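Student: I have a new structure to look at. Can you walk me through it?
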Amino acid sequence: MIMDASVVALRMLLPIYAAVIVYQCYKSMRHHRRAEKPLLTLVDIITGQQYPVVFWENSIGRSRRSDICIQNDTVSRDHSVLLRREDGWFITDTKSKSGTYVNGKKTRGRVKLMIDDEISVGSATLAVRRGNEYSEEIKPSWYFSKAKTKLSIRQYKLMILITVFHLLMALAACFSNEIQDFRPLVVWGCLAALGWTFFFVSTVVLKRVNFELEALGFFLTGLGVMLLVRQVERQAYTQMITAAMGMALFIFLIKFMENPDRVKKYRTIIMIGAVGFLAINLIFGKIQHGAANWISIGSFTIQPSEFVKIAFIFVGAATLDQLQTSKNLLEYIIFSAVCVGALAIMGDFGTGLIFFITFLFIAFMRSGDFKTIILAVTAAVFAGAMVLKFKPYIADRFISWGHVWEYAQTNAYQQARVLTYTASGGLFGVGVGNGCLKYVFASENDLVFGLVAEEMGILVAVICAIAIGGLVLYSRAITTRSRSTFYSISACCAAGMLLFQMALNIFGATDILPLTGVTLPFISLGGSSMISCWGLLAFIKAADERTYAMRRK
């Protein structure tokens, strides 16, 4: 009786504990940041008007949307871009009518600036001054309401919270109804070793000042790993191995993106590599579960489209001076069409839809033009109609959508079981390892939201969804503080991709949307997906201005 009471208490504790972890992660992201002070000040030497420079990349022009808006008819709407790099400040003319001059000399390409230099745009001349010469208060952003130099929680304490949460899951699995042993503790030990090694490398070796995003990713990753303990234990170890590979990719991408101009240099190579990867998939792809999006290498299988997600964002994002001078999206539109078309041929329409939505994000953020979006959506609707006409078996997948109970024993078997077992799990779940959904095909990947809801309760499942969905709000908040529009665009699109992927997984499993067979980020079983998710998280991490600030001694 005492043991049963303890197990019930543990189930009720886990949702509260999960909520505390997610709250602490996002709360910590708001703090330990610089105050909203100008980096430079531009002073009009004729009128004396001062323009604070608060971003690493700033558009200068007559347009009201410009970061530095100069109300002068001789200034072009998009005249030039003032940007900061590790080796100083630069200015680039963006094909303005009158050109941009520095100290009376017309600029060609990027030109380095020094304090007290004079920039001429149209008939206006702006003197470069230090940021502290601007005395007016700058309104803080909505998310970072107050600058604080201290973390809301020490990063190692956050890791302790997460490690203990995973330990509680392991203990719950040890006393499951079907099997009672202590093997889950071995899995937990390996998971804890992986997490703390990652923490040590990030904070001690690489000296990163913040670890909240990584902690959030590790929390979700560990939750998915511990759910596998009572399904196929070997898969739990496989998932940890791929998680380690994803963390390694995360660290590599952070270093690679340290200089946004480096990304520009390798953009074409990345694009060609992505197309080549998809071409190999088309030739050697193995059909699994209706889609030929897998390549077998010995006893291992990989899903190339998951890695192309990272390349897709690399190719689409760009620095501000590139956006101002290269407004033609034709190259990226062609690349996107090739990617989505290849996925359609493979039969991977779920991933193809994720790529398409991400394309819409990038196209709008690059151009701000709704006409491009409307044209793309129209083309997609036409293409979808053609697919349904010439491939009627695709339409059969939608026949049970919205009629789950009518097809509960046929087309909607999986969704019906998800809804049934989610209801049986209630608020606090039946316990790790005690669920019945684990016996349904694809419960550990496509239907994993239902597995979390059944075994850990709908509260934990919703908290996981909030943790992933919150990345969009956070990415939007840090766009004004990012060191480059490349970071801003890539972070928003990576977060949007994770959100849309999560929505397809959750709503597909619960019959709100058709079941498309995509994974739930970080939690679902799948090595390619796990590595891809950590790669996407790197884009969000790179957009945080603290990422490339070294730890102070």
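Student: Which residues do ring pairs link into a cluster?
Tutor: Ring pairs link Trp 196, Phe 198, Phe 199, Phe 211, Phe 250, Phe 522 and Trp 534. Rings of Phe, Tyr and Trp (its six-membered ring) pair if their centres lie within 6.5 Å; planes under 30 degrees apart are stacked, over 60 edge-to-face, the rest tilted. This is a predicted model, where local features need pLDDT of at least 70 and side-chain atom pairs 80 or more, while totals for chains, interfaces and linings use all residues. Residues are numbered from 1 along each chain as its sequence is written, and side-chain values use heavy atoms, leaving out hydrogens and water.
Student: How many aromatic pairs does the count come to?
Tutor: The count is 23 aromatic pairs. Trp 196 and Phe 199 form an edge-to-face one, 5.4 Å centre to centre with 75° between the planes.
Student: Is Phe 199 buried or exposed?
Tutor: Phe 199 is buried at 11% relative accessible area, whereas Trp 196, at 30%, is partly exposed. Buried means under 20%, exposed over 50%, partly exposed in between (1.4 Å probe, protein chains only).
Student: What about Phe 198 and Phe 250?
Tutor: Their ring centres are 6.0 Å apart and the planes at 80°, so that pair is edge-to-face. Both Phe 198 and Phe 250 are buried.
Student: New topic. What is the confidence of the chain?
Tutor: The mean pLDDT (the predictor's confidence in each residue, from 0 to 100) is 84, and 85% of residues reach 70 or more.
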